[in-house]
Amino acid sequence: MKNENLLTEGNVFKVLLTFSVPFLIANIIQALYGAVDLMVIGWYCPPESVAAVSTGTQVTQIITSMVSGLTLGGTILVGKYTGMQKEEETKKAIGTTLTLFAVIAIGLTFLMLACADPILAALKTPSESLTYAKQYVTICFCGIFFICGYNAISAILRGYGDSRRPMYFVALSCALNVIGDVILVKFLRMGVSGVALATVFSQGISMICAVVYLNRKKFIFTFRLRNFRIDRALAKELARTGIPISLQECMVRLSFLYLTSVTNRLGVHAAAAVGIASKYDVFAMLPATSIASALAAITAQNYGAGKPRRAQQSAAAGVCFAFLVSALFWGWAQLSPETMIGIFDRDSEIIAAGIPFFRSCSFDYLAVAFVFPLNGYLNGRSKTVFTMISCCFGALALRMPLIHFAYTYCPDNLFAIGCIAPAVSGVMAVYTLVYVLHLIKKDKKL
C-alpha cells in the first residue's frame, strides 16, 4: 500500500481539516458506544440501571484512556519515521506497537477482573445499582483485548497519515453495537448485561475486519505471526512517549471517577444526571480531542521532515477550529439544558438535578478547546513529560481537592461542583500556552 497520506505537504489548513474530520467523525461514532448504551438503558430500564451503566462506563473509560494514551505513543512513533521516509523503521515500529499491546491487553484483562469489586466500592456505587454495575464492567473487561487491538491498529494508521480507515472500522463497530443494544435490551430484556455484550461483540468484529482488510490491501505491515516482534530500541522510544501520555489520561480519568464517587453519594438521580453530563462532555469536547490527536500525528511527521513552522501553523489553526465547534455545545447547555438531558432520560427529578450542573460544567467545553490541541502539538514534539505533569497537576492538585471542598461545604449544590472542571481547565490553558510560546521562540533561534 503506497503512502499517499503524507502530512508534510500542501495547504496547512486543508491538510489539518482533511486529516482531522475523519478523526472527529470516528470519535463521534466511538462516543456513541456509551451514549447509545445509556440511552437504551434509560428508555427500557429503571433509574438504578442508568446509574449502573453511567458508573460502569466511567470505569471502562479509564481502560480506554490508558490504552489510547499508549497508542498515541505508537501514532507519534510511526508518524516520526513516516515523516523521515524510513520504511523499514516504520515497519518495525508497527510490529513493536502491536506486539506490546497484545501483551498489555492480556495483563489488563486479568488485573481489572480481579479489581472489579474494589473499584466499584471505591466509587461508592449506589447499593441498588451495584449488582448491575458489576455485570457491566465484568463483561466489558473480557473485551479489553479487542479495545487494545482496535486502538493499536487505528493509531498506526493515523501515524502513517491515514485517518479515514479507522473511521470506517469504528462505524462498523458502532452500527453493530446499536443493533445489539436494541435486540438484547428491548427484545431479549437482558438489561445492563445486554448493552455490555453488544459492546464487546461489536469491538471484536471491528478489529477482525480491520486486520483482514489491511492484509488484502497490502498495507506496509503484514499481519502475520512472524512479523509480531519487539525491537528493543523502538520499544524504549514508544515507552518514553506513550507511558507519560497514558499516565496523564489515567490521572484525568481518576479525577472524574472521584467526581462520580462524590455524586453517587448524593443519590441515584444526581448520579444519573452527572452520568448523562459526562456523555455530553465527550461529544462537546470531541472537536478538541480530535484536533489534539490529529496534531500529534501532523506534528510528529512535520518535525520528522524538518518542518517545525508548518507544525506550529497547524496547531494555531486547530485551536481556532476546536473553539468554534465547542462553542455550539456551550450555547446549547446555556439556553436549553433540559432538552440535552431529556434525550437520555425523561425523569423529571433527573432533569431538575442536572440543569444547574449542565450550565456550569459546560464552560469547560470552551477551556479545553485550548488545552487539548496545545497538548496534542506538544505530544507530537515528544514533550510528553510536560503534558503528563500538567495533566497530573490539574487532576490531583486542583480538580480532586476542589471536588472534595465542594462536597464538604456545599454537597447539594451541583452548580458549584460543575464549576470546578472549567476553572481547572482555564488554569491549565494559561500555563500550557505560555510553554508552547516559549518552545516556538526557542525554535526561531535554531
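Reader: Where is Glu338 placed?
Author: Happy to start there, with a note that this is a predicted model, in which local features need pLDDT of at least 70, side-chain atom pairs count only at pLDDT 80 or more, and totals for chains, interfaces and linings use all residues. Residues are numbered from 1 along each chain as its sequence is written, and side-chain values use heavy atoms, without hydrogens and water. Helices here are DSSP runs of H or I with at least four residues, numbered from the N terminus. Residues 337-344 form one of these, and Glu338 belongs to it: helix α12.

Reader: Is Glu338 buried, exposed or partly exposed?
Author: Buried means under 20% relative accessible area, exposed over 50%, and partly exposed in between, using a 1.4 Å probe and protein chains only. Glu338 has 35% relative accessibility, so it counts as partly exposed.

Reader: Which residues is Glu338 in contact with, leaving aside its neighbours within four places in sequence?
Author: Contact means heavy atoms within 4.5 Å. With those neighbours set aside, the partners of Glu338 are Ile351 and Ile355.

Reader: Why do the buried residues of α12 line one face of the helix?
Author: The buried residues in α12 are Pro337, Met340, Ile341 and Phe344. The arc is taken from the directions running from the helix axis to the C-beta atoms. Seen down the axis of α12, its buried residues line one face because they fall within an arc of 90 degrees.

Reader: How are α9 and α12 oriented to each other?
Author: Axes are lines fitted to C-alpha atoms, for helices over the stretch in contact, and angles run from 0 to 180 degrees between N-to-C directions. Helix α9 (residues 268-284) packs with α12 at about 100 degrees, their axes 10 Å apart. Angles under 35 degrees count as roughly parallel, over 145 as roughly antiparallel, 65 to 115 as roughly perpendicular and the rest as oblique. The two helices, α9 and α12, are therefore roughly perpendicular.

Reader: Which residues in α12 do Ile276, Lys279 and Tyr280 meet?
Author: These three residues sit in α9. On the α12 side they meet Met340, Ile341, Ile343 and Phe344.

Reader: What kind of ring pair do Phe221 and Phe223 make?
Author: Rings of Phe, Tyr and Trp (its six-membered ring) pair if their centres lie within 6.5 Å; planes under 30 degrees apart count as stacked, over 60 as edge-to-face and the rest as tilted. For Phe221 and Phe223 the centres are 5.4 Å apart and the planes at 90 degrees, so the pair is edge-to-face.
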